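Here's a quick briefing for anyone meeting this structure for the first time. Have a look at the model, then read on.

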Amino acid sequence: MTTPRRYWIEFDRQEGSDVRLWEGVGVTGFDVPDCLSMVAEMVCDGPLPPVRRITVDISLAEPLPVNRGLGVPVWRGVWYPAVNLGTGPTRDIDRSGAPADYPTPVTESRPKRVSATLGAATTWWDEIPHIAGLLWPLVRMHSAEYCRGTVSSARGLRDACARDQTYGAMVGEALDFMIAWQPTPDEWFDPTGTRFADQQDLDEYLRAFRDYVFGDRPEPIAPPGSEPMSPEEALRLVRRMSGRQG
């Protein structure tokens, strides 16, 4: 079976009554019928409207034409709207709900590099495996703005990686690369805004984070500038930051 790919599907708004489809739908699947069948499961009041455009291998480093948070793009299923946050990765394959007629998918050309999206002066971020789909666990979660919520969010990341081996493998590969690269404190500060005192502290932080998510370490190391956060504050911050995933 082929590897799942990300698709961005746009429908004819004039012939569709489901407002969730108006901005476009992000879905990860094995092919177009696979993706359309999963989208069809969202619609309960009739068939899908005509498909206007399908973009395959859509880059999450390029801003999407949407104004809300995404689900998990590396999971098979609908990630915009964020359906798979509630269902987890879709396992069953049933192409029967897909329309027989749809336009030929086009491949996105010259996607914007992640470093440009992040506003980073250094381009080492572009080299991290799967970085475009993992900005939340690899960058946003460690930012100075979010540092008080990093430890609590790491628990959710650990659980997500345990539930889905594909997602876990991608996060693990990316973290291994970051640890091996040994970014300097300046490279890490740009664009996270989190300043480590020296190279040793940053190396230890990354190793501890990986050992917590995938090993038996009881807690990750809190990033510099963090302090205890109430459950209410953590929930508000997670909701606000999750809208910036991408």
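Where is the place of Glu 10? Glu 10 sits in strand 1 (residues 5-11), with helices (H or I, at least four residues) and strands (E, at least two) taken as DSSP runs numbered from the N terminus. Keep in mind that this is a predicted model, where local features need pLDDT of at least 70, side-chain atom pairs count only at pLDDT 80 or more, and totals for chains, interfaces and linings use all residues. Residues are numbered from 1 along each chain as its sequence is written, and side-chain values use heavy atoms, leaving out hydrogens and water.

**Glu 10**

- Glu 10 has a relative accessible area of 18%, so it's buried (under 20% relative accessible area, with exposed over 50% and partly exposed in between, using a 1.4 Å probe and protein chains only).
- Not counting residues up to four places away in sequence, Glu 10 touches Val 51, Arg 52 and Arg 53 (contact means heavy atoms within 4.5 Å).

**Helix 5 and helix 8**

- The axes of helix 5 (residues 150-163) and helix 8 (residues 199-214) come within 8 Å and cross at roughly 45°; axes are lines fitted to C-alpha atoms, for helices over the stretch in contact, and angles run from 0 to 180 degrees between N-to-C directions.
- That makes helix 5 oblique to helix 8 (under 35 degrees is roughly parallel, over 145 roughly antiparallel, 65 to 115 roughly perpendicular, and the rest oblique).
- Helix 5 brings Thr 150, Ala 154, Arg 155, Leu 157, Arg 158 and Cys 161 to the contact, while helix 8 brings Tyr 205, Phe 209, Tyr 212, Val 213 and Phe 214.

**Aromatic rings**

- The count comes to 10 aromatic pairs (rings of Phe, Tyr and Trp, the last by its six-membered ring, with centres within 6.5 Å; planes under 30 degrees apart are stacked, over 60 edge-to-face and the rest tilted).
- Trp 125 and Trp 188 have ring centres 5.6 Å apart and planes at 35°, so they're a tilted pair.
- Trp 125 is in the loop between helix 3 (114-118) and helix 4 (135-138) and Trp 188 is in helix 7 (residues 185-192), so the pair ties together parts 63 residues apart in sequence.
- Trp 188 and Tyr 205 have ring centres 6.5 Å apart and planes at 65°, so this pair is edge-to-face.
- Both Trp 188 and Tyr 205 are buried.
- One aromatic cluster is formed by Trp 124, Trp 125, Phe 177, Trp 181, Trp 188, Phe 196 and Tyr 205.
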